[in-house]
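Subject: Structure handover

Hello,

Please read the two side by side.

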Amino acid sequence: MSVNRLTPAGLKRRLELEREGKSFLEHFGAAGTAEIFELPADGRVTIGRDDSADVVIEGDEQVSRVHAELERVGGSWVISDDGLSRNGTWIGDARIVGRRRLVDGDAIRVGRRVLVFRDTAQADDLTAAASDDPHPAPVTDTQRRVLVALCRPFRDGSEFAVPATNKDIAAEVFLSTEAVKSHLRALFGRFGVSHLPQNQKRLKLVEKALRSGAVSPSELRLEKDR
């Protein structure tokens, strides 16, 4: 089973783009490695199997030569297929019809591949209601470790538990507190809780992570308790 992971250089680039508030795509390839594609400030970006595409999806015959397009419209990125592909372009379980505005954390499926749209500057401005989608949101290895550490205090099922602090998370996953904050912002977007008041985001993220199965109770037990 392949594991989606960025190279150290790719991870550094992603953190830079997140700090700068830039939009980008994380493309998870067949070998389990992930690549970063920075979206331009304006213009159009094509996704497809042909070498002429801006984002080239290699080794997947279910992807059309020109499969979908992304375009900057009114300060937001929208995606369209409009009959370009044979097998369709999907976000979650919904096939795109016409144009659709992309939201930070959207998982775009073309063929057997997934591209995650990231716009951390947009994430804090979302006002849409949180989704009740039962399927776990796609996260990176590091984000998953941060998420498990955030949920750690709930390992005993106590109703009085509170999410781990940034300092506690940083100590567990060996990151700086600033890096933890950056990953949490990304997780807030991916789990659809960015619109909530600051004092509610962390607890709601824990609830959604455990309810969706993104984090299992068995993962929360410390090694000495296993």
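Contact here means heavy atoms within 4.5 Å. The model is a predicted one.

In that sense of contact, L147, L150 and C151 of α3 meet R202, L205, V206 and A209 of α6. The axes of these two helices, α3 and α6, come within 10 Å and cross at roughly 105°. Angles of 65 to 115 degrees count as roughly perpendicular, and α3 and α6 are therefore roughly perpendicular to each other. By class, the residues in the contact of α3 with α6 are six nonpolar, no polar and one charged.

Overall figures

The chain contains six helices and twelve strands. It has 226 residues, of which 44% count as buried. Of the contacts with a separation of 6 or more, 49% are between residues 24 or more positions apart. The accessible surface of the chain is about 11,900 Å², and carbon and sulfur atoms hold 50% of that.

Cores

The largest nonpolar core has 25 residues, and the members touching the most other members are L147, I169, L184 and L205. Two or more residues each come from α3 (141-151), α4 (166-173), α5 (177-190) and α6 (198-212). The most come from α3, which gives six residues. There is also a second, separate core of 18 residues, with L25, V45, A68 and F117 among them.

Setting aside neighbours within four places in sequence, L147 is in contact with L187, F191, L205, A209, A214 and V215.

A second helix pair

Two packed helices are described by the angle between their axes and the distance between the axes. For helix α1 (residues 8-20) and α5, the angle is about 75° and the axes are 11 Å apart. That makes α1 roughly perpendicular to α5. R14, L15 and E18 of α1 make this contact with S182, H183 and A186 of α5. Sorted by class, the contact of α1 with α5 has two nonpolar, two polar and two charged residues.

Two single residues

Where is P153 placed? P153 sits in the loop between α3 and α4. Its relative accessible area is 30%. Buried means under 20% and exposed over 50%, with partly exposed in between, so P153 is partly exposed. Not counting residues up to four places away in sequence, P153 touches A161, V162, P163 and A164. P153 and L220 lie 67 residues apart along the chain, and their C-alpha atoms are separated by 7.9 Å.

Is S76 buried or exposed? S76 has 16% relative accessibility, which is why S76 counts as buried. S76 belongs to strand β7 (residues 76-80). With neighbours within four places in sequence left aside, S76 is in contact with E71 and R101.

Regards

Conventions:
Residues numbered from 1 in each chain as written. Predicted model: local features only at pLDDT ≥ 70, side-chain atom pairs only at ≥ 80, totals over all residues. Heavy atoms only, no water. Core = buried A, V, L, I, M, F, W, Y, C linked by side-chain atoms within 4.5 Å. Buried < 20%, exposed > 50% of the residue type's maximum accessible area, 1.4 Å probe, protein only. Helix = DSSP H or I, 4+ residues; strand = E, 2+ residues; numbered from the N terminus. Areas by Shrake-Rupley, 256 points an atom, 1.4 Å probe, with all protein chains shown as cover. Axes fitted to C-alpha atoms, helices over the stretch in contact; angles between N-to-C directions. Parallel < 35°, antiparallel > 145°, perpendicular 65-115°, else oblique. Nonpolar A, V, L, I, M, F, W, Y, C, P; charged D, E, K, R; others polar.
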